[in-house]
Amino acid sequence: MYNSDKVIPGIIIFIIFFTIPMWLNLGGAKAIPRPELPKEEKNCVESKEYMRAYHMKLLLKWRNMAIREGKRTFVGADGKTYLISLQNTCMKCHKSNEKFCDRCHKFVATHPDCWHCHIAPEEVAKLRRWQNGNR
Amino acid sequence: MNVGVSLLAVIALILIPWIGVSALGLDSFFGIVIPYLAFFVFFIGLIYRIVQWARVPQPFKIPSVCGQEKSLPWIKYSRLESPANTWEVVLRMFFEVVFFRSLFRNLRADLQGRRLIYGSAKWLWFGAILFHWGFFIVLIRHLRLFLYHVPSILNYIDYVDSFFQIGFPPIYITDLMILGGLLFLLLRRLVDAKVSYISHASDYFPLFLILGIVISGILMRHVYKVDVYGVKELAIGLATLHPAMPKDAHIGTIFFVHLFLVCTLAAYFPFSKLVHMVGVFFSPTRNLPNDNRMRRYVNPWDYPVKYHTFCEWQEHFKEQLQQAGFELDEEWCKGQNVAKENKAA
Ligand code: HEM
């Protein structure tokens with residue numbers, strides 16, 4: 001082999017580049033963080049599989065129904081009706097943004113900006129405490 | 001013909017995981033076995049190709065240059081166009097690989113009446129840049145699916161890439177780049193008769209294959225959502241060599257189509273024209289310094305030549321030479337012999 005002083009480092013660089021996930025995960029990978037599911041309730045507004053993959057589509061549909069079409073009731077797959085509201089419906093069962101939504105989103109590195117305007121339950125609790133005078 | 005065969009091949013490659021996962025339930029086969037197999041072939045194939053190339057001797061120094069060569073100190077020379085040492089070669093190679101500098105010089109030749117006219121043709125360069133940079137950034141962004149702790153730089157890339165916040169989830173700029181680049185490169189082959197004439201199935205197939213990967217990825221993000229949380233569980237398992245299908249998660253079939261096409265690409269890569277990713281570093285017209293006049297280049301396949309020197313010849317034909325009345329140059333040959341002995345000692 002000619003120029004092995006350059007070719008062998010080249011091969012090593014290629015291999016390292018295409019195995020980056022392996023190196024960067026060394027020692028760092030722990031158990032997958034699980035979102036905290038509601039204890040009192042059994043079912044979400046749709047099936048679990050659907051919610052896992054499509055909750056953002058559902059939220060978008062909810063927003064369009066509520067804001068653009070003025071319809072504020074949603075009929076789930078099981079025939080139950082829900083008030084369309086991110087803060088008052090989703091977050092009534094899922095009581096925490098941090099332990100539920102964000103736990104997943106941080107893990108997959110996605111950044112929905114919903115809580116820039118909508119008020120997360122944690123913020124509500126903070127607000128209550130503030131109103132009661134103990135900051 | 002070439003187009004049809006390639007398209008059919010990619011459609012077949014889409015149907016295999018589709019049927020395999022949705023009808024036969026071979027999740028872990030397409031999620032674990034095939035990816036490992038494909039990446040094994042990718043690495044072994046790539047190393048094999050590199051070693052094969054590196055074993056070929058380079059008979060001549062043939063850098064292609066288009067600038068003033070380094071010569072006398074008061075003549076300015078072009079470091080990038082005619083590199084004189086390794087560092088300038090590295091610099092030149094860097095611009096070649098990252099910005100496709102030589103493709104930027106692409107020309108087109110047209111016959112206008114009886115006049116041959118050359119004009120600049122930057123479209124190929126532009127399409128290639130869109131495609132390659134889009135591909136590279138998409139690949140880097142995908143690291144978020146493989147890393148437990150996502151480095152913050154990936155979040156910045158994601159932020160910039162979805163900067164315009166069009167659509168929901170926001171459309172990535174790089175997705176448009178890679179799609180636009182691919183469509184241009186494909187149309188170029190289909191529409192331009194000159195290029196079409198020299199295009200084989202091995203030119204169309206990679207284009208359709210990568211188009212399939214990109215379209216399935218974009219569909220997955222915007223239309224047929226999959227459980228990305230489950231995908232990440234699987235991907236981390238693969239990356240840490242503890243592969244397992246995610247428990248109680250249902251990843252959509254389209255993900256397996258995406259992954260299978262990626263695996264096909266990986267396994268096909270070393271044996272197709274796509275190895276130009278590695279081949280570019282082995283291009284003798286790019287990777288050699290133009291120092292022909294400074295340093296003697298010895299062809300590595302030259303064998304040692306047996307010389308017959310003047311003095312040996314004179315010694316051999318001494319008698320004949322003397323008979324013919326030639327004057328022997330004994331004095332000089334003595335000097336030569338002394339020099340030889342000194343060298344040997
Ligand atoms: C050649 C390599 C690959 C290319 C060119 C590619 C291309 C793409 C593209 C263009 C998208 C659209 C969204 C985006 O840009 O992020 C996408 C999405 C996706 N890809 Fe890939 N991909 C590749 C490899 C992989 C691999 C190995 C996996 C396995 C984990 C994967 C899993 C996914 C998933 C889960 C999505 C959807 C992400 C979302 O919904 O936001 N891709 N891919």
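Let's start with chain B: the C-alpha centres of its domain 1 and domain 2 lie 67 Å apart. Domain 1 covers 2-282 and domain 2 covers 310-344. Those bounds come from an automatic or database domain assignment.

A word on the basis. This is a predicted model, where local features need pLDDT of at least 70 and side-chain atom pairs count only at pLDDT 80 or more, while totals for chains, interfaces and linings use all residues. Residues are numbered from 1 along each chain as written, chains are lettered from A and ligands numbered from 1 in written order, and side-chain values use heavy atoms, without hydrogens and water.

Now the interface. Chain B gives 43 residues to the contact, and chain A gives 36 residues. Contact here means heavy atoms within 4.5 Å.

How much area do chain B and chain A bury between them? About 3800 Å², with 71% of it on carbon and sulfur atoms. Buried area is the accessible area (1.4 Å probe) that two parts lose on being put together, summed over both. In chain B, the residues losing the most area to chain A are Tyr148(B), Phe168(B) and Tyr229(B), together 21% of what that side buries.

Next, the charges. The rule finds two salt bridges across this interface of chain B and chain A. A salt bridge puts a side-chain nitrogen of Lys or Arg within 4 Å of a carboxyl oxygen of Asp or Glu. Arg34(A) and Glu233(B) form a salt bridge through their side chains, at 3.0 Å, N to O.

Finally, the make-up. The side of chain B that touches chain A has 29 nonpolar residues (Ala, Val, Leu, Ile, Met, Phe, Trp, Tyr, Cys and Pro), eight charged (Asp, Glu, Lys and Arg) and six polar (the others, Gly among them).
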